[in-house]
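Here's a quick briefing to read alongside the structure. Have the 3D view open and follow the topics in turn.

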Amino acid sequence: MQGAQRNSLRLLQWMMAASLALPVALFVIASTISYTSTNDIADREIERTLDVAHEHALKVFETIDRCLAELNEVVRGLPDDTVVSREPALHRRLKRLTDSLPQLKSAWIFDADGKALVNSLASPPPELRFTDRDYFYAHVDQAIGTFIGMPLTPRPPYQGARFFSMSRRRDSNDGSFVGVIQASVLPEYFESFYARIGSDPGSFFAMGRADGVLLAQYPRLERDLRLDPGGPVGQKIAAHPQRGLMTIAWPSDGIERRIGYKRIAEYPIYVSAGLETSAIRARWFATMGQHLVFGIPATALLFLLLAFAFRRTQHLQAEAAARREAEEALKHSQRLEALGQLTGGVAHDFNNLLTVIRASVDLLNRPQLTEERRQRYITAIADAVARAAKLTSQLLAFARRQTLKPEVFDVGQRIQSLHDMLATLLGPAIEIAMHLPAAPCLVNADASQFETALINMATNARDAMQGKGRITFEVEAVASAPDTLAPVSGSRDLTGTHGFVRVAVGDTGVGIPTAQLGRIFEPFFTTKQVGQGTGLGLSQVFGFARQSGGEVTVTSEVGQGSTFSLYLPRVPSEQLPQRQAPNTAPAVTGSGMSVLLVEDNIELANFAADGLTELGYSITLVDNASDAFTELIADPDRFDVVFSDVVMPGMTGLDLAKAIRDRGVGVSVVLTSGYSEALSQEGVVGFDLVQKPYSIEELSRVLHKAARLHRVRDGAAE
């Protein structure tokens, strides 16, 4: 006996040592994995941001290039005297051009001697010659197409911000040099754009020529910089001239950054985007700090508990055994709720990612991209959207935290309409029997989730029969539902005012062992082989039933099959289901409709704004609900519709919508969310909701409908 006690105490000593050593080892392993993951995530963010900066720069350069070509055609073949005689009209044309393009400072037409015949700044232009400017002498000896010059300072009497030039050669009909068409481009236009998309700490952007001359940089650089082609940056670009990633101390300030670069097609220009390595490490430190916040107290508590157990082992053995049994029972009853809380907590950010991916599909489908790259992006992103959206839906269904869209429908009629699909799904070797009532059995529930639950139960039955046997679907009205499963929180009354509708799915399969009956609705629990199931199907049924105010039960006998019964609250027969034609219309053009877009996620906001702008909507982007409400109060007639995310720091989108309604501001509100605790509990309380992930087509239809209803209410229907 004493030897056993000594062994027990020695074991506790080893456990006390392990309670310190094991967390430290796990923390080291977790730190290594987290460090790699943080860097991978940063690289993906840099790549995405770089693509945005590249598309922006390409669009700007192509726009200016087209304008120069058009101006060249206007004056082609005209003698300089004719150009001078038309100087007032040409000056007005150049001024309209520069006023319409915020990236331009000015536009010029020069003769063969470098004299300005026309410009957008002054009419007539001063008697100055510009033969010493690179944008002029680069074209004198040969035709080189579009030339992009280095940063320059305006020459007196001209003043203002620094610029770099884009210029083209003017040729006579016989091909001889007769002058230059030039546009002055503002680097600060690019720097302002980079400031808007570079909201993360440590963000960095640069744009420069292939010879190393820097044209624009964010954070802004107050002096000219030319990178050495033989330096680290030049060597990396020489090895991978199209695009790449590198970690380097940037020559202008010596700060180490992780930088991605990409060449702009058809132009000797590179754009770069990056993050300071210190900012990336700060993310990693923040993540590991969160682990330490919980890990250190937990480890200390574990060590103290073991020390206490070491001193009192002989006196507490019986009590410890009883406590372990009680803890196991408690953990079993709380496991489902804990998983539900985890699911709800991650769903919002996950659906933000899905929405960005879906928006990327819409925005990448442009003629500037090669067909091979376009198809590769579209296929990969679309597949990710489909898989992630399905998984999110199942997780939220189990957690009972999804935003359901209830409608009144006849259960028997809905199951009958699924007969052909179920026959195809289950296979020819399975006989389907349906016992449906003649009288309508109406419920008020999410029809899509109901169909998913029915298919999940049918699929589970098919797998239990190994694809051969008989499945029976039965629908009946009952007075109450059995409360056989432990409620998640508190007690529930399962005696409905109008009773319940019971949907039973029975099979002739192998049955479920009694020991497993208590776990079959747990997420990720499955008896199937690896790769044959996720274990989320029955948990979706469980979550849908509970969130719809019902219950799901199972009866089974090994070798005799199983019957799953789904109970949903019944509604009076007077509430007939409403038939609505499916909305498959294409995207609706905005026709100048003004939309106030409220979104704190800059990437998601930019994608939504770009997509709606292309459809003709006028977008005002605000990153928080408080500023959005201020905009509305200042000018309530400025906007046709407000489109707001729900989950935001401070004032939420739902708070904004309620404030607009309470204040009596006459504007329609459309909300969007991937997950919201408030929406799952309160619903959308009378506002339109677009579920993430959404497509630009779906969003345009909802916004157009909401804006049209607003105009009808105001007596301005089209």
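Two strands count as paired if DSSP finds at least two bridges between them. Keep in mind that this is a predicted model. With that in hand, start with the sheet, then move on to an aspartate and a surface patch.

**The five-strand sheet**
- Five strands make up an open sheet, in the order β12-β14-β15-β17-β16, and their pairing is mixed.
- The edges belong to β12 (430-435) and β16 (551-557); each has a single partner strand, so one side of each has no neighbour in the sheet.
- On average, neighbouring strands in this sheet are turned by 15° against each other, ignoring direction.
- Strands of a sheet pair through backbone hydrogen bonds, and they can do that parallel or antiparallel.
- β12 and β14 (residues 469-478) run parallel, joined by six bridges.

**Asp 446**
- You'll find Asp 446 in strand β13, which covers residues 442-446.
- Its relative accessibility is 10%, so Asp 446 counts as buried, the cut-off being under 20%.
- A polar atom of the Asp 446 side chain sits 3.0 Å from the backbone nitrogen of Ser 448.

**A nonpolar patch on the surface**
- Leu 22, Leu 26, Ile 29 and Ile 33 together form a nonpolar surface patch with about 400 Å² of accessible area.
- One of them, Leu 26, belongs to helix α1, which takes in residues 2-75.
- Leu 26 counts as partly exposed because its relative accessibility is 48%.

Conventions. Residues numbered from 1 in each chain as written. Predicted model: local features only at pLDDT ≥ 70, side-chain atom pairs only at ≥ 80, totals over all residues. Heavy atoms only, no water. Patch = residues over 30% accessible without salt bridge, like charges linked within 9 Å, V, L, I, M, F, W, Y side chains within 5 Å. Areas by Shrake-Rupley, 256 points an atom, 1.4 Å probe, with all protein chains shown as cover. Salt bridge = Lys/Arg side-chain N within 4 Å of Asp/Glu carboxyl O. Helix = DSSP H or I, 4+ residues; strand = E, 2+ residues; numbered from the N terminus. Buried < 20%, exposed > 50% of the residue type's maximum accessible area, 1.4 Å probe, protein only. Polar contact = N/O pair within 3.5 Å; in protein donor to acceptor, adjacent residues only side chain to side chain. Axes fitted to C-alpha atoms, helices over the stretch in contact; angles between N-to-C directions.
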